[in-house]
Amino acid sequence: MDPLSLDTVALSQDKQKLIILDQTLLPGEVKYLALSRIEDIRESICALRVRGAPAIGVAAAYGLYLAAAQTDTQDLDVFCAAVHTAKERLNSARPTAVNLSWALERMERVILEGRSGMTVPALIARLLQEAEAIHSEDIAISRSIGRLGLGLLRHGDGILTHCNAGTLATAKYGTALAPIYAALEDGWTDLRVYCDETRPLLQGARLTAFELQSAGVDTTLICDNMASITMARGKVDIVFVGCDRVCANGDFANKVGTSGVAILARHYGIPFYVCAPSSTIDMGLPSGDHIVIEERASQEVTELWYARRMAPEGVKVDNPAFDVTDHTLVTGIITEKGIAYPPFSLAFQQFGF
């Protein structure tokens, strides 16, 4: 199976439903869900049926369009209020990934800029255009990140990645895995990829390993605590990770465990790159100290992937979904506009972020 043939998120042909690939069932089952209700779309984001910062943004954009299209009124004030309520409901699904709020703010801006002089049907049509633009732009951005990242690779390189930042996390191609897809397009067959399994939700084991193996890439799955020995054995030449939010100074949030990988990479002298579409760069946050970290249910740690509970009843559990990696551990941040190198704040300004 070609993983690029899987549409992670799309709008149905009749423009009435959001179609998502249910990633909670992978790799065992490839199943698509057709969603139209705002609560079902919100639940799909909360439950990680659709996941990955860029894919969440696309799903939210289509979700807000569907909410607007289902609003039964021709009164502009009532319509705008209803769309704003739907936007806030979707925005509350997950707090850390900035793409969610970025896409929803961009969609609502269409209404704020067009409400004077436009009818409700015209605004709905514009929302559809904007959602489709966000979708197509995400594909182009991922391709650009992939080509730039490919320029950092050499034939035979070993790449380590954490979580899943591939085509399953975006509209197509991915961010951290985009350089690998670019290499495949150019006929490279000798790259090796090491996938951290990524506890507790196993995105590396279930999703990245599934993607890359399906694409014919030499793929090795390792437990998260095996990254150090894998690096020490000289198997890793470069680290690519995705991100959910990048601050103005280059601090960034990604799936929990990423900061540990960055510390290890620094210790072993391995280049560490973050693949970040511009929609994840939040110039309004000066540093990672200001990022809100999502806390998830304890059951994800104690029992979710086990045949029976594997922790004692009543034990306390911390389950932060993300951690923050300090900018001093980052070699470079690959955006669609170019690769930013320290000092990141200056590089971001030069790129126009």
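1. A salt bridge is a side-chain nitrogen of Lys or Arg within 4 Å of a carboxyl oxygen of Asp or Glu. In this predicted model, Lys-87, Glu-88, Glu-105 and Glu-108 are linked in a network of such bridges. A search of the whole structure finds 25 salt bridges. Side chains of opposite charge can pair when their charged atoms come close.

2. On the basis of the note: the model is predicted, with local features needing pLDDT of at least 70 and side-chain atom pairs counting only at pLDDT 80 or more, while totals for chains, interfaces and linings use all residues. Residues are numbered from 1 along each chain as its sequence is written, and side-chain values use heavy atoms, with hydrogens and water left out.

3. Glu-39 and Arg-89 form a salt bridge in which the closest N and O atoms are 2.8 Å apart. This pair links distant parts of the chain, since Glu-39 belongs to helix H1 (residues 38-46) and Arg-89 to helix H3 (residues 76-91), 50 residues apart. Helices (H or I, at least four residues) and strands (E, at least two) are DSSP runs, numbered from the N terminus. Glu-39 counts as partly exposed because its relative accessibility is 31%, and Arg-89 does so at 34%. In these terms, buried means under 20% relative accessible area, exposed over 50%, and partly exposed in between (1.4 Å probe, protein chains only).

4. A salt bridge also joins Arg-49 to Glu-43, with 3.0 Å between the closest N and O atoms. Arg-49 has a relative accessibility of 23% and therefore counts as partly exposed; Glu-43, at 35%, is likewise partly exposed.

5. Arg-143 and Glu-185 meet through their side chains in a salt bridge of 3.2 Å, N to O. Here too distant parts of the chain are linked: Arg-143 lies in helix H5 (residues 120-150) and Glu-185 in helix H6, 42 residues apart. Arg-143 is partly exposed at 36% relative accessibility, and Glu-185 is partly exposed with a relative accessible area of 39%.

6. Which charged residue is buried yet has no salt bridge? The residue is Asp-196, located in strand S5 (residues 192-196). The nearest side chain of opposite charge, Arg-199, is 12 Å away; in this count Lys and Arg are positive and Asp and Glu negative, while His and the chain ends are not counted. The side chain of Asp-196 does make a polar contact of 3.0 Å with that of His-162. A polar contact is a pair of N or O atoms within 3.5 Å; within protein, one must be able to donate a hydrogen and the other to accept it, and residues adjacent in sequence count only if both atoms are side-chain atoms.

7. Gly-174 is found in the loop between strand S4 (158-161) and helix H6 (178-185). Its relative accessibility is 0%, so Gly-174 counts as buried. Not counting residues up to four places away in sequence, Gly-174 touches Ser-142, Ala-165, Gly-166 and Thr-167, where contact means heavy atoms within 4.5 Å.

8. Four strands form an open sheet with mixed pairing, in the order S11-S8-S9-S12. Strands S11 (281-282) and S12 (322-325) are the edge strands, each pairing on one side only. Two strands pair if DSSP finds at least two bridges between them. Strand S8 (residues 245-247) and S11 pair in the parallel sense over two bridges, and Val-246 has Ile-281 in S11 as its bridge partner.
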